[in-house]
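Morning, everyone. Let me put the model up, and then I'll walk through it piece by piece.

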Amino acid sequence: AVARELKMHERCVHQRRRAIEARTGVKLEVRKTQRHYALTDHPAIKNISVDTGTVLIGSDAHYWKDMVSTAHKAFVRFCADLKPAAVILNGDVLDGATISRHPPIGWEGRPSLIQELEACKDRLEEIEKAAPKGASFIWTLGNHDSRFETKLASTVPEYAKIHGFHLKDHFPRWMPAWAAWINEDVVVKHRYKGGIHAPHNNTINSGKTMVTGHLHSLKVSPFSDYNGTRFGVDTGTLADPYGPQFSDYTEVNPVAWRSGFVVLTFKDGRLLWPEVVHVIEEGAVEFRGQIIKV
């Protein structure tokens, strides 16, 4: 009701309330419904409020040693150029090739886990340096990321809670989560529904704009009903779709994957039409009708 009266977004009202509480010491009680609790207080969800600004979301980087993709280079550049309020890596930053539950195919060369961790640290540090001061860094975990702790939990459970045995211990600037919520309207998580129509089904079944990775398809699927228009968004992959991370289990078959990432722009708390940054060739991406060299 306050948000409607003041023509503000609900998240902005809560930010203002917290600021008043901090300044005055007066507790302003909020009556929470079960729905509100589920959206704002769940420990596995990171909440972000963006009134006017951008959020960059990339996923499925599968970083390997000595490999820097065009999409990653563009992602770093856009962090500097667009000055996003938040940067979200939407899962599968780590590949975990040597700790997979799947057996190796032949004797193909794979980087060691420490080499992968060092590659992830190098790439994430480039993002951190390019992003503006005050930007939030969120890592919504993917199924490949979870290999790190799954392997340890199943092999040496006695080492639980020791520093370094959680993936997050190695990336202190990045907030881990299963999902990030933006303005309570946009849900960012690694995966939900599967299949070629996953983005469409995600937004229908969640009732929210939902941004997912996992399928590497890089696309936007709008859906409209009496509630307005919302979007199912796939963030593609920050890796090369035909890179060595994938070549053996795909047998170098054609894949409907696209390298790139997504830009979300908010104006007065409202999400505008999501935009994709698409790699069109080595060293070049397309965005807003322009070819940008990186």
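Start with Tyr249, which is found in helix H8. Helices here are DSSP runs of H or I with at least four residues, strands are runs of E with at least two, and both are numbered from the N terminus. Tyr249 has a relative accessibility of 49% and counts as partly exposed. On that scale, buried means under 20% relative accessible area, exposed means over 50%, and partly exposed is in between, with a 1.4 Å probe and protein chains only. Leaving aside neighbours within four places in sequence, Tyr249 is in contact with Ile105 and Trp257. Contact means heavy atoms within 4.5 Å. Take Met210 as a reference point: Tyr249 is 39 residues from Met210 in sequence and 28 Å away in space, C-alpha to C-alpha.

A word on provenance. This is a predicted model, so local features need pLDDT of at least 70 and side-chain atom pairs count only at pLDDT 80 or more, while totals for chains, interfaces and linings use all residues. Residues are numbered from 1 along each chain as its sequence is written, and side-chain values use heavy atoms, with hydrogens and water left out.

Now the overall picture. The protein has 8 helices and 15 strands. Its C-alpha trace spans about 65 × 50 × 35 Å along the principal axes. The radius of gyration is 20 Å; a compact globule of 294 residues would be near 19 Å, so the two agree. That radius is taken over C-alpha atoms, and the globule rule is 2.2 Å times the number of residues to the power 0.38. Of the 294 residues, 45% count as buried. Among contacts with a separation of 6 or more, 62% come from residues 24 or more positions apart.

Next, the sheet. Six strands form an open, mixed sheet, in the order E1-E6-E7-E8-E10-E9. Two strands pair if DSSP finds at least two bridges between them. E1 (45-48) and E9 (219-225) are at the edges with a single partner strand each, so one side of each has no neighbour in the sheet. Neighbouring strands are turned by 20° against each other on average, direction ignored. Helix H7 (residues 198-206) packs on this sheet, touching E8, E9 and E10, and its direction makes about 135° with that of E10. Axes are lines fitted to C-alpha atoms, for helices over the stretch in contact, and angles run from 0 to 180 degrees between N-to-C directions. E8 (209-212) and E10 (228-234) run parallel, joined by 3 bridges. Thr212 stands opposite Asp234 in E10.

Which residues touch the most other members of the largest nonpolar core? They are Tyr63, Phe75, Ile127, Trp174 and Phe261, out of 35 residues. Such a core is a set of buried Ala, Val, Leu, Ile, Met, Phe, Trp, Tyr and Cys residues joined through side-chain atoms within 4.5 Å. Elements giving two or more residues to this core include helix H4 (70-82) and helix H5 (113-130). A second, separate core of 19 residues includes Val55 and Leu218.

Last stop: Thr237, in the loop between E10 and helix H8 (247-250). Is Thr237 buried or exposed? Buried, at a relative accessible area of 0%. A polar atom of the Thr237 side chain lies 2.6 Å from the backbone oxygen of Asp60. The side chain also reaches the backbone nitrogen of Ala239 at 2.9 Å.

Notes
A polar contact is a pair of N or O atoms within 3.5 Å; within protein, one must be able to donate a hydrogen and the other to accept it, and residues adjacent in sequence count only if both atoms are side-chain atoms.
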